[in-house]
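Open the structure in your viewer and keep the selection panel at hand.

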Amino acid sequence: MEGPRVQLLVTCLVDALAPRVGRATLAVLENSGCRVDFPEGQTCCGQPAFNVGLTDQAREMAAHTLDVLDETEGPIVVPSGSCSQMIVHHYKELFEGTDLADQAERVAARTRELTQFLVDDLDVDVSASCDGCSVAYHYSCHGLRGLGLQSQADRLLADVDRVELEGDKECCGFGGLFSVEMPAISAAIMDEKLDRVEASGADTLVGGDVSCLMHLEGGLRRRGSKVAVRHIAELLAGDEV
Amino acid sequence: MSQPVSFVTRADALLGSREAAAVVKGIRHFTEARDRVADEFPIMEELRDRARTIRLHSLNHLDRLLGHFADEVAANGGVVHFAADADEANQIVAEILEKSGSRLVVKAKSMVSEEIELNNHLEDLGIEVVETDLGEFIVQLAGDTPSHIIAPVLHLTRQDVGELFSEKLGVEYTDDPTELNEIARAHLREIFLRADAGISGVNMAIAETGSVVLVTNEGNGRLTTTAPRVHIALMGMERIVSRWEDAAVVLEVLARSATGQRLSVYTNVITGPRREGDPDGPEETHVVIIDNGRSEILSGPTAEILACIRCGACLNVCPIFRTVGGHAYGTVYSGPIGSIVTPGLHGMDPWWELPYASTMCGACEEVCPIRIQIPSMLLHLREQAASEGRLPAWLNRGMSRYARTATDPQKWRRAKKWASRLSAPLASRGWLRRIPGPGRGWTQYRDLPRPASESFNDWWKSNRGS
């Protein structure tokens, strides 16, 4: 079976801080029959600038990302709900009424978050595995509320031992630069989340966004917790990475 | 209005406080009830759409509706006053009270009266003002400020209230809610009977009949607006709908979103003063329609915020509000909605910081009965703050440098290499416990993953590159 040709957009955080998640995403896509290209000029989608209101800088990075992606073909798959919704929703706003408006529309229409692509588009028969562990899943806000994603991860996690996590659809307190600008508040929100993770009995915390996960993992490490943190792509790739 | 300390300073001081703990505990009651009644109500989503249409229609036809409303109020025998700002509104109220010889005033809950700081103004004139909403009564006794637009004492526990009552009202200490209610009730009843005038807010004004609608759970709204000789209703100028039919739709979503009730216990409709043959009711009724910055908002990009019906649902789900409580915001309107309203009413200086008090999680928009696009308005205000040069220099310069790097893949690659190399001596097993510079706030509370020695991009080039 010849699967679709897809473009992998790993996001700046995965590229620089969590390359293993990029390799896991690649493995999942290839196992699902996709031919994966990686546009090497990709950097950052511009969301950090956009979210603090530095729109000119956001537009520069978004224009670069559009350039890199628009010359490729096929679905653009992103292992992040947050960066996906930036491209899907906000690029159109950023370039409304400009020469790049069409490009922004085209790229937005091709962009898919990883679980969304696997379940809604490919309808593949893959499922996450995590031998011997009990999993709590955190639904990151931008995927959940920005893109309406929830059932996709649920289906992919059907075969793992999942425990209930109280408040699993509430924000973890990361919020991009919010975590640095208002660090004490961000950490207080995080602490409530981590208390709930620890109370859930899970030994593995899983999510779909490296941004929230590195914030939560950093917090778990600081409190000396034994709970492991993994991106859903890592569970979907199994032992391959 | 402006306070000298910043949001972050106030918020950080509240973290882990007794007050913050009370907020966490109290707020759960609201969110759980809201979800329950929304889920059981099959047409909730449809009514939210209709309520949105109704409220946006009101904003788009504000001049005409207010004109119509004013005519109807006059036809009913009431008096309409327009106030351009807080000072004018306070003067109008003072004059009405003076003319009617009112010395003792009872008040039902009114956020707009908090906004214009009416109580201070009247007390300076020697007029006694008594709040009759239980929460506002407690706030007034304590010399405090409300911390939530519908639950003014969300930040207090019943023990706090028990101590306050015993200290200020000279009653024996109790923290039993029913007994506390009885104490307040007995105390207020006597004041209601003596009061010369009653001042209330307005949840909604209905243009077609010149009526004002007041929603309460305690019955104090009814007493305030019927027992004294004079009733003054204060309303923000956006608080209007065309027809009764519209008001009904808004009421359906208001109580559900606010307190998780299907309908508030009391819904009072006031249409003019006492008529001949009426057994009770005020001799004079006044409606003071207050602008105080709203026209400015209406002509700008955050106009939609005026569609807000003040249910407070966005406060209850906001991770920041839930963590620090309403006092952190330093202003009457707190939470997500307040972070848009406050800079709009009172200017970006010093309130520009409030739109940054958000993780952009979108929970507010998800519950807003009017589906107000709160996050995108917060982003808009951030853009405005940034363009006015209000951001710290490190952020401005740092982001420009970051953008230059991220638009040049060669520079991007080199920057990653440098970041990885520079962080190596600070790292232990791939994690950083402390970093210097503007990012130090991160490592004050959590570890930071060290930039990988081989980025994904590098790995791809070595293993898969063409």
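Select strand S6 (residues 211-216) of chain B together with strand S9 (residues 266-270) of chain B: the two pair in the antiparallel sense over 5 bridges. Strands here are DSSP runs of E with at least two residues, helices are runs of H or I with at least four, and both are numbered from the N terminus; two strands pair if DSSP finds at least two bridges between them. In this pairing, Leu214(B) stands opposite Asn268(B).

The model is predicted, so local features need pLDDT of at least 70 and side-chain atom pairs pLDDT 80 or more, while totals for chains, interfaces and linings use all residues. Residues are numbered from 1 along each chain as its sequence is written, and chains are lettered from A and ligands numbered from 1 in the order in which they are written.

Ala205(B) stands opposite Val212(B). The two strands form a hairpin with 4 residues between them, and Gly210(B) in the turn has a positive phi of about 65 degrees.

Now show the side chains of S6(B). Ser211(B), Val213(B) and Val215(B) point one way, Val212(B), Leu214(B) and Thr216(B) the other, and all are buried (20 or more other C-beta atoms within 10 Å of the residue's own, with C-beta atoms placed from the backbone; exposed is 12 or fewer, partly exposed in between). In a regular strand, side chains alternate between the two faces of the sheet.

Finally, select the interface: 49 residues of chain A are in contact with 53 of chain B (C-beta atoms, placed from the backbone, within 7 Å). Elements giving two or more residues to the chain A side include helix H4 (55-70) and helix H11 (183-200).

Technical notes. Contact = placed C-beta atoms within 7 Å.
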